[in-house]
Amino acid sequence: MTQAEAHDGYNFAYLDEHTKRMIRRALLKAVAIPGYQVPFGSREMPLPYGWGTGGIQVTAAVIGRADVLKVIDQGADDTTNAVNIRSFFRKVTGVATTERTREATLIQTRHRIPETPLSEGQIMVFQVPIPEPLRWLEPRETETRSMHALREYGVMHVKLYEDIVRHGRIATTYDYPVIVNGHYLMRPSPIPKFDNPKLHRSPALMLFGAGREKRVYAVPPDTDVRSLDFDDHPFAIERWDAPCALCGATDAYLDEIIIDDKGERMYVCSDTEYCNDRQQAGHHGTQGGAPRA
Amino acid sequence: MKHPAPLLEVRDLGKRYGHRIGCEQVSFDLYPGEVLCIAGESGSGKSTLLNTLAFQLRPDAGSVHYAMAGRGLTDLASLPEAALRELWRTDWGFVRQNPRDGLRMGVSAGANIGERLMAVGQRHYGEIRATAADWLARVEIDGARLDDPPTAFSGGMQQRLQIARNLVTHPRLVFMDEPTAGLDVSVQARFLDLLRGLAADLRIAVILVTHDLAVARLLAHRLIVMKQGRVIETGLTDQLLDDPQHPYTQLLVSSVLAA
């Protein structure tokens, strides 16, 4: 855990208090209606759209001085997006940051849920590019709102049907549509479908922010989250033939890395913290791999 | 013999676009299994009437009552949006003039037919697919085309696919807006033949808009002739075409080559 000193000249967590209150009001509504997309007055943030403007506004609205923040990007704590958002919040809040999932009270993530199980009291913040699950099936916003209100989600199954026609199985692997609390269809942001089961009855609060599209939505703790499927083609998560080359994990989401120009590849955990922990605990895979940093 | 109850009861229906009249004072009853043709020249309010009957456009005057399953004649204006939309995707069908408006062009024929089934809650891929294949055969499309997108189909096949997609939930009433307008004459004849057979076999009531009196002659039991948004003549198809009373209908009938 690293403690930092807040920058002078900025309000705590960058946004002004009125904006934070407005976002919190939207979040309260989102929590009250699980899976429902609540509009909010998204602000310009000091990073481009698509880099997590929604996520950092949600984080800024809920972060407190006692919070411990973890930021991950595709599971990694040490990639550009994660490093910069973490240092941004260190500068504008001075709160402690960590790479350890267990220590964190607030986790902002781009496209993964940590492998380490979440616990009660933790908040996950997801960066969402396109919040509307029906967008590519129905371009009209007025129509998608009616469809949500009336639970007309048959067309989402048309997409899955078409997947099976073309690929012999449901080939949607990320942003896999879910039904939240038996009502709203929700895009779980582009997390791999591997992480979908982690949303179901999670003890942690899940908040989703889409900055460009100006929407927030939420999955409160212990809420049913069901991935759509067919009776004869049930939902299934990804599986890999090989364990992680560094830590030997067989239960984690693996990234495929091409390691030379002859097409050799290795599979490693996408969650760097999880992989490091396992290596430090003495696990190792085929490529051994000394503990990273 | 006891007179059957009407399926659709239309009274003094009117729709305006600002000061302009779309249609006005239209009244008729439609009985189960009946094919009703709305004929008239371009701009006479046929399509407006059709869309208003189906409540895709809200009428400004008059009423439409529909004999809903288990509820009897119900004023459509009193239905909440949810019930209306359920009608649209189960008990009613809508066949568009341009198949691009009525089909999902990006997904396969099977998915097009299966869409309504999935909308009413079917969740078994194998069964949906089997039903889709069955319907494809009933509209005389080769079963091998089940996984092809409609973009790979000819115009006539696209129209037949639209029919299959609408009939899969066994609707009791189907609205059709010039379904044959884009087809050449030989394809038209075959399409009409198929349509007549399906409507008779399944006892589907059809309201069909056309400017082509030959289509009306072949399909319709009854005919409504419209001009400038008003119904000017109505009656049994053969009677009306053989002995038109209104000067405009006479003109319309005489203008058709060897009808």
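Which residue in β4(B) does Arg11(B) stand opposite? Arg11(B) faces Ser63(B) in that strand.

The model is predicted, so local features need pLDDT of at least 70 and side-chain atom pairs count only at pLDDT 80 or more, while totals for chains, interfaces and linings use all residues. Residues are numbered from 1 along each chain as its sequence is written, chains are lettered from A and ligands numbered from 1 in the order in which they are written, and side-chain values use heavy atoms, with hydrogens and water left out. Helices (H or I, at least four residues) and strands (E, at least two) are DSSP runs, numbered from the N terminus.

Let us begin with the sheet in chain B. Strand β1 (residues 8-17) and strand β4 (residues 61-68) run antiparallel and are joined by five bridges; two strands pair if DSSP finds at least two bridges between them. Our opening pair, Arg11(B) and Ser63(B), belongs here. The open sheet has four strands in the order β2-β1-β4-β5, with antiparallel pairing. Its edge strands, β2 (20-30) and β5 (72-75) of chain B, each pair on one side only. Neighbouring strands are turned by 25 degrees against each other on average, direction ignored. Helix α1 (residues 46-53) of chain B packs on the sheet and touches β1, β2 and β4 of chain B. Contact here means heavy atoms within 4.5 Å. The direction of this helix makes about 120 degrees with that of β1(B); axes are lines fitted to C-alpha atoms, for helices over the stretch in contact, and angles run from 0 to 180 degrees between N-to-C directions.

Elsewhere in chain B, strand β9 (residues 222-227) has five of its six residues buried (under 20% relative accessible area, with exposed over 50% and partly exposed in between; 1.4 Å probe, protein chains only). Five bridges link β9(B) in parallel to strand β3 (residues 35-40) of chain B. Six bridges link β9(B) to strand β10 (residues 230-236) of chain B in the antiparallel sense. In the hairpin of β9(B) and β10(B), with two residues between the strands, Gln228(B) takes a positive phi near 45 degrees.

Finally, I turn to chain A. The buried residues of helix α1(A) include Met22(A), Ile23(A) and Leu27(A). Seen down the axis of α1(A), the buried residues fall within an arc of 160 degrees, so they line one face of the helix; the arc is that of the directions from the helix axis to the C-beta atoms. On the other side, His18(A), Arg25(A), Leu28(A) and Ala32(A) are exposed.
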